[in-house]
Amino acid sequence: MLDYRLSDETEALRTTVREFAREVIAPQIGEFYERDEFPTEIVRQMGELGLFGLPFPEEYGGAGGTYFDLCVALEELARVDSSMAITVEAGVSLGAMPIYRFGTEEQKREWLPRLCTGEALGAFGLTEPGGGSDAGATRTTARLEDGHWVINGSKAFITNSGTDLTSLVTVTAVTGTKPDGKKEISAIIVPSGTPGFTVGQRYSKVGWNASDTRELSFDDCRVPEENQVGERGRGYAQFLSILDEGRIAISALSVGLAQGCVDESVKYAAQREAFGQPIGRNQAVQFMIADMEVRASTARLAYYRAAEKMLRGEPFKREASIAKLYSSEVAMDNARYATQVHGGYGFMNEFPVGRFYRDAKILEIGEGTSEVQRMLIARDLGVG
Ligand SMILES: Cc1cc2nc3c(=O)[nH]c(=O)nc-3n(C[C@H](O)[C@H](O)[C@H](O)COP(=O)(O)OP(=O)(O)OC[C@H]3O[C@@H](n4cnc5c(N)ncnc54)[C@H](O)[C@@H]3O)c2cc1C
């Protein structure tokens with residue numbers, strides 16, 4: 001039986017997040033965005049709403065929901081603002097999830113309750129200045145010394161890594177060589193404030209300006225051996241599986257942005273007059289908006305399908321890549337057309353579509369570029 005209706009609980013969550021986004025985020029976010037400032041108070045409020053704990057069990061302070069619930073919440077946030085959506089996405093799916101999926105019971109008890117309430121934010125450090133797509137080319141190293149990992153190297157573009165709420169970053173590092181000569185990569189938790197761990201200045205970005213992205217460096221940074229997450233040498237594989245899930249979340253976020261473009265365009269087309277009538281009376285404008293809705297609706301089905309397979313415990317890699325690839329391109333297209341519908345005002349920062357336009361491009365790059373998604377889909381089809 002095919003049934004993509006939301007459960008009553010998920011529908012109620014959608015309504016709550018939609019109201020929060022419209023009433024709390026929408027009126028203030030533009031100013032934070034223009035000031036390039038992380039809105040700590042809004043993030044705390046999202047924590048009080050339970051958004052950071054959505055897919056985690058209650059015993060760790062979570063809401064006991066599913067990964068799909070998280071996706072629905074991300075869609076509603078991104079419909080209004082992507083900086084806050086990516087803050088939740090990175091905090092949950094990249095910051096807390098590796099600890100939940102692969103951590104020891106002690107690590108879960110130590111970190112998850114605060115990560116679930118949003119009192120603490122976690123980050124995920126895979127990408128390095130030398131490259132992101134080739135994630136196995138990690139150069140950061142960690143050597144064992146007196147029961148401690150001693151970490152040296154740097155990470156680039158790390159979301160949520162330097163906010164007032166940030167408490168940890170989980171990084172990948174080369175911890176040896178495997179019998180086949182390949183790099184042995186492990187994942188290690190580095191708490192904020194550890195000596196030898198330096199958090200750089202915020203990058204000046206094209207979009208996502210109210211989210212926090214920084215370069216990190218490690219100079220003989222020592223953390224206890226117990227901070228290793230999961231098995232030694234499994235760090236690369238663990239992070240890849242975290243990214244598979246994360247792609248469904250980024251797809252949901254992209255659908256939110258694409259739908260926000262429809263919302264804003266429908267409103268504007270009814271208000272703005274040209275040649276003595278609302279611009280929405282012109283078929284050219286109607287068609288642009290209709291096409292935007294078609295793209296947003298079909299992209300939503302793509303992430304629902306990937307999430308459905310994931311929740312059923314079936315392989316979902318290909319569907320996650322399809323959803324991420326398609327919906328990020330849809331977000332980009334819709335942002336372009338929504339700006340067109342708004343004419344000159346679409347190019348002004350005071351209108352949300354200006355923000356949507358700047359925020360859309362990164363969706364085709366982060367958590368695996370469009371080219372990487374195509375490579376994964378082709379590989380899964382047995383091509384090449
Ligand atoms: C705002 C922002 C936030 C981010 N947050 C995080 C985070 O929290 N944690 C984290 O670890 N990373 C994060 N990233 C990094 C992001 O995941 C990488 O930027 C992305 O994976 C691409 O890596 P790269 O920038 O090194 O590009 P590169 O890998 O250098 O790629 C450059 C271009 O070459 C193409 N290319 C590369 N290899 C191939 C190939 N084999 N075939 C065809 N084309 C190829 C790519 O598709 C791309 O078009 C973030 C990035 C940004 C901008």
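Biologist: Where should I start? Which residues does UniProt list for the domain "Acyl-CoA dehydrogenase/oxidase N-terminal"?

Modeller: The model is predicted, so keep that in mind. The unreviewed UniProt entry places that domain at residues 7-119. Over this stretch the chain is 73% helix and 0% strand. Its end C-alpha atoms are 29 Å apart.

Biologist: On to the ligand. How many residues surround the ligand, and which are the closest?

Modeller: The ligand is surrounded by 18 residues. The closest are Thr127, Gly132, Ser133, Thr369 and Glu371. Now look at the polar atoms. A polar side-chain atom of Glu371 sits 2.6 Å from a ligand oxygen. The backbone takes part too: a polar backbone atom of Leu126 is 2.9 Å from an oxygen atom of the ligand. For Phe124, a backbone N or O atom lies 2.8 Å from a ligand nitrogen. On its own, the ligand has 980 Å² of accessible area, and the protein covers 64% of that.

Biologist: Now salt bridges. What is the general idea, and how many does a search of the whole structure find?

Modeller: Side chains of opposite charge can pair when their charged atoms come close. Here the search finds 33 salt bridges.

Biologist: Which partners does Asp244 have?

Modeller: Arg247 is one partner, with the closest N and O atoms 3.4 Å apart. Both residues lie in helix H6, three residues apart, which is about one turn of the helix. Lys317 also forms a salt bridge with Asp244, at 3.1 Å from N to O. Lys317 belongs to helix H8 and Asp244 to helix H6, so this pair ties together parts 73 residues apart in sequence.

Biologist: Are these residues buried or exposed?

Modeller: Buried means under 20% relative accessible area. Arg247 is at 6%, so it counts as buried. Asp244 is at 9%, so it is buried as well. Lys317, at 43%, is partly exposed.

Biologist: What does the pair of Arg318 and Asp380 link?

Modeller: Their closest N and O atoms are 2.6 Å apart. This pair links distant parts of the chain: Arg318 in helix H8 and Asp380 in helix H10, 62 residues apart. Arg318 is partly exposed at 30%, and Asp380 is partly exposed at 39%. Elsewhere, salt bridges that share partners join Glu11, Arg14, Arg18, Glu75, Glu76, Arg79, Asp263 and Arg300 into one network.

Biologist: Last, the surface. Which residues make the nonpolar patch?

Modeller: Tyr345, Phe347 and Met348 make a patch of about 350 Å². Phe347 lies in the loop between helix H8 and helix H9. Exposed means over 50% relative accessible area. Phe347 reaches 68%, so it counts as exposed.

Terms used
Residues numbered from 1 in each chain as written. Predicted model: local features only at pLDDT ≥ 70, side-chain atom pairs only at ≥ 80, totals over all residues. Heavy atoms only, no water. UniProt positions renumbered as here; feature names shortened; annotations may be inferred. Helix = DSSP H or I, 4+ residues; strand = E, 2+ residues; numbered from the N terminus. Patch = residues over 30% accessible without salt bridge, like charges linked within 9 Å, V, L, I, M, F, W, Y side chains within 5 Å. Areas by Shrake-Rupley, 256 points an atom, 1.4 Å probe, with all protein chains shown as cover. Salt bridge = Lys/Arg side-chain N within 4 Å of Asp/Glu carboxyl O. Buried < 20%, exposed > 50% of the residue type's maximum accessible area, 1.4 Å probe, protein only. Near = heavy atom within 4 Å. Polar contact = N/O pair within 3.5 Å; in protein donor to acceptor, adjacent residues only side chain to side chain.
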